[in-house]
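Please take a moment to look over the chain before reading on, and keep the sequence beside the picture as you go.

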Amino acid sequence: MTTLVTGASGFLGSHVARQLIARGETVRVLLRPSSQNRAIADLPLEYMTGDLRDTASLDRAMKDIQRVFHVAADYRLWAKRSQDIYDSNVGGTKNILAAAKRAGVEQFIYTSTVATIAVDRPAPPNESTDAKLEEMIGHYKRSKWLAEREALNAAREGLPVIVAMPTTPVGPWDWKPTPTGKLIVDFLNGKMPGYVDTGLNFVGVEECAAGHLLVAEKGKAGQRYLLGGENLTLKQMLDTLSKITGLPSPSLKISHNVALGAAYASTIFSRLLGKEPGIPIEGVRIAQHKMFVDCARSEGELGFKPGPVSAALERAVRWYEANGYVNPRRAKRITRAAA
């Protein structure tokens with residue numbers, strides 16, 4: 001069986017490709033001409049150049065493919081042109097679903113996100129939660145909600161699509177880094193003077209990737225599967241990082257209104273400089289409620305059992321430190337604390 005992986009140059013996608021190779025599978029990856037492959041350069045992969053917006057390149061990539069892991073996504077909380085996020089996440093997903101149908105693939109695993117169901121409810125949401133588009137905050141969430149509907153519609157029309165829903169992966173090889181990785185890097189560099197009252201479900205990226213393979217092995221077409229670990233407040237996550245590194249955890253609790261004001265100021269200032277804002281408005285708006293979820297279904301039906309998030313955060317810290325993301329003076333403090 002030959003498997004196509006999109007997004008293999010990214011954080012989660014590179015781990016999915018790595019684990020498929022570790023199982024002895026033949027893997028083809030679709031990369032844009034501008035993509036870097038440093039996260040997968042050591043793997044024996046078949047490379048195809050293309051773009052989710054280029055249907056001809058998708059047809060070429062699908063030749064002789066039996067299974068697809070569509071992990072690629074434009075994961076940004078800010079963009080100069082918001083339509084770019086929709087073009088990649090919604091339009092690109094429609095294109096690759098159509099290409100998979102033309103190619104007659106046997107299985108299609110679509111990587112959605114916890115964001116499409118992690119909304120305010122009396123009890124923690126799960127795969128059965130019917131969240132509405134108007135509940136999605138920001139362009140990333142809205143685009144992924146729309147893309148997930150495309151995937152589920154394709155499943156209803158007969159394409160063997162299964163939806164994997166990662167929560168918040170953390171761990172090594174986050175080159176970009178992702179918005180969550182940036183939080184960790186900011187903590188390591190002493191750039192987090194305070195925190196807001198919010199929370200996320202965290203999971204080790206390696207275990208989340210392994211969960212994708214479980215979805216392929218045991219999941220049912222047309223179904224969604226949450227791949228998460230532990231529900232933690234932001235303060236709990238920062239305190240865990242403090243225990244790992246010996247660096248102080250911020251003690252100043254910042255109100256959402258103050259954080260939102262700072263985000264607007266950051267955005268205005270960044271526009272003047274033509275740069276990405278240090279505090280995205282969407283990120284602060286999303287943080288106004290805790291994205292806690294119930295992952296019992298995946299544990300029961302797939303046998304998905306991730307390890308402790310503290311171990312995943314430690315792997316992330318050591319990787320960021322080893323790869324130059326930490327100011328040397330701060331890195332010395334981490335080394336002494338670890339010793």
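What follows moves from the whole protein to one strand, then to one residue in that strand, and finally to pairs of charged side chains.

The model is a predicted one, in which local features need pLDDT of at least 70 and side-chain atom pairs count only at pLDDT 80 or more, while totals for chains, interfaces and linings use all residues. Residues are numbered from 1 along each chain as its sequence is written, and side-chain values use heavy atoms, with hydrogens and water left out.

The protein has twelve helices and twelve strands, where helices (H or I, at least four residues) and strands (E, at least two) are DSSP runs numbered from the N terminus. Of its 339 residues, 54% are buried; here buried means under 20% relative accessible area, exposed means over 50%, and partly exposed lies in between, with a 1.4 Å probe and protein chains only. The protein exposes about 15,000 Å², and carbon and sulfur atoms supply 52% of that area, as calculated by the Shrake-Rupley method with a 1.4 Å probe, where for residues only the protein chains shown count as cover. If we take contacts (heavy atoms within 4.5 Å) between residues at least 6 apart in sequence, 76% of them join residues at least 24 apart.

Turn now to strand β5, where five of the five residues are buried, so the strand is largely enclosed by the rest of the structure. Gln 107, Ile 109 and Thr 111 point one way from β5, whereas Phe 108 and Tyr 110 point the other way. Two strands pair if DSSP finds at least two bridges between them, and β5 pairs in the parallel sense with strand β4 (residues 67-70) over four bridges. Strand β6 (residues 161-166) also runs parallel to β5, joined to it by four bridges, and in β6 the bridge partner of Phe 108 is Val 161. Between these two strands the chain crosses from β5 through helix α4 (residues 138-156) to β6, and this β-α-β crossover is right-handed, a term which applies if, with the strands pointing away from the viewer, the path from the first strand over the helix to the second runs clockwise.

Within β5, which spans residues 107-111, we find Tyr 110, and this residue counts as buried because its relative accessibility is 1%. Leaving aside neighbours within four places in sequence, Tyr 110 is in contact with several residues, including His 70, Ala 147 and Val 163. The C-alpha atoms of Tyr 110 and Met 165 are separated by 8.5 Å, although these residues are 55 apart along the chain.

Charged side chains come next. Side chains of opposite charge can pair when their charged atoms come close. The structure holds 19 salt bridges, each being a side-chain nitrogen of Lys or Arg within 4 Å of a carboxyl oxygen of Asp or Glu. One of them joins Arg 315 to Glu 206, with the closest N and O atoms 2.9 Å apart. Because Arg 315 lies in helix α11 (residues 309-322) and Glu 206 in helix α6 (residues 205-218), the pair ties together parts that are 109 residues apart in sequence. Arg 297 forms a salt bridge with Glu 301, and, being four residues apart in helix α10 (residues 296-302), these two are separated by about one helical turn. Finally, Asp 130, Lys 132, Glu 148, Arg 149 and Arg 224 are linked in a network of salt bridges.
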